[in-house]
Amino acid sequence: MDAERDKILNAMEQVGGVIFGKSREIREIMLAILANGHVLLEDIPGVGKTTLALAFSRSMSLDFRRIQFTPDVLPSDLTGFSVYRREEEKFVYQEGNVFCNLLLADELNRTSPKTQSALLEVMEERKVTVEGVTREVPVPFFVIATQNPSGAAGTQRLPEAQVDRFMMSLSIGYPDRESELNLAKGIGYEDRLHSVRPVLERKELLDIQREICEVYIKDSVYRYIVSLVRATREHSRLLRGGSPRATIALVRLSRAAAWLNGRDYVTPGDVAEQFPYIIRHRISLNGGAEMENVTKEDIIQDITESVERPPLGEKMR
């Protein structure tokens, strides 16, 4: 366990060598990968999202593909299509962009709803169906999707069913002054990504994912997880709360956090730490909250503080 965790920490250091000042965000994305989940980055252009995804793929020996979403991108660009080969006198299937380990879906909310929906099956089931034939994508498979700020030119909202399939959402944001200074000083002829070296094989990552599934969760912590998610459905300022998929995501992400912290059991602290990341994109404010300028962050904090945690002195293992 220690050797495997050291490799994961090394991979995070590799990514941190090209994305300055974002150790917290790098850790959370790594946790989502360990928990076999997808990540939604809600951010402005130019903060290094593509570089970050590439650095993760290189450090973990993952096959990487990127698709830039525009209004003319078709579902077949993702899932694949068949072309007729005259010399063979038959149709031959051509794989789409989803046949990889790590797919960067850049500016997902710029494309049509039909194309957005093409990702639904592969995100949930890790397979695609084209012309009546179902094909599995490589394992592991992750989607890191980016979307421009709501209301930006040329954007349209992602369907709730798709948003719910992302395990977590977060924002990278601008670097702090010192990190941006280091970025400026490091600009040279060679791309910083060239310094990223693979420190983990795909098989090792799959083994780690299976190990994380065995991390123990006490019944009182399970009840705490369910109480947090259910509190979003009952909050007076929310129009829509977290689905049962949010509960599943919180269980998986809490296990990954415990494992990365060197434990084989989950604590209430692991759960509370991950709760904002799995719930923010799954809740919707009602009209009263918007009129009073109440934010999602305010409500998440209120729920975290109001839901009773299991006693600190209670043995978790």
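Visitor: Is strand 5 (residues 102-106) enclosed by the rest of the structure or open, and how many of the five residues are buried?
Guide: This is a predicted model, in which local features need pLDDT of at least 70, side-chain atom pairs count only at pLDDT 80 or more, and totals for chains, interfaces and linings use all residues. Residues are numbered from 1 along each chain as its sequence is written, and side-chain values use heavy atoms, with hydrogens and water left out. Buried means under 20% relative accessible area, exposed over 50% and partly exposed in between, with a 1.4 Å probe and protein chains only. Strand 5 is largely enclosed by the rest of the structure, because the number of its five residues that are buried is five.

Visitor: Which residues cover the two faces of strand 5?
Guide: Strands (E, at least two residues) and helices (H or I, at least four) are DSSP runs, numbered from the N terminus. Both faces of strand 5 are covered by buried residues. On one side these are Leu-102, Leu-104 and Asp-106, and on the other Leu-103 and Ala-105.

Visitor: With which strand does strand 5 pair over five bridges, and which residue is the bridge partner of Ile-67?
Guide: Two strands pair if DSSP finds at least two bridges between them. The pairing over five bridges is in the parallel sense and involves strand 2 (residues 64-68). Within strand 5, the bridge partner of Ile-67 is Ala-105.

Visitor: How many bridges join strand 5 to strand 8, and which residue of strand 8 does Leu-103 stand opposite?
Guide: Strand 8 covers residues 142-147 and runs parallel to strand 5, with four bridges joining them. In strand 8, the residue opposite Leu-103 is Val-143.

Visitor: Does Ala-118 count as buried or exposed, and at what relative accessibility?
Guide: Ala-118 lies in helix 5, which spans residues 113-125. Ala-118 counts as buried, because its relative accessibility is 15%.

Visitor: Which residues are in contact with Ala-118, leaving aside its neighbours within four places in sequence?
Guide: Contact means heavy atoms within 4.5 Å. The C-alpha atoms of Ala-118 and Thr-79 are separated by 7.2 Å, although the two residues are 39 apart along the chain. With the neighbours within four places set aside, Ala-118 is in contact with Pro-75, Leu-78 and Thr-79.

Visitor: What percentage of the contacts with a separation of 6 or more comes from residues 24 or more positions apart?
Guide: The protein has 13 helices and 11 strands, and buried residues make up 49% of its 317 residues. Among contacts with a separation of 6 or more, the share from residues 24 or more positions apart is 79%.
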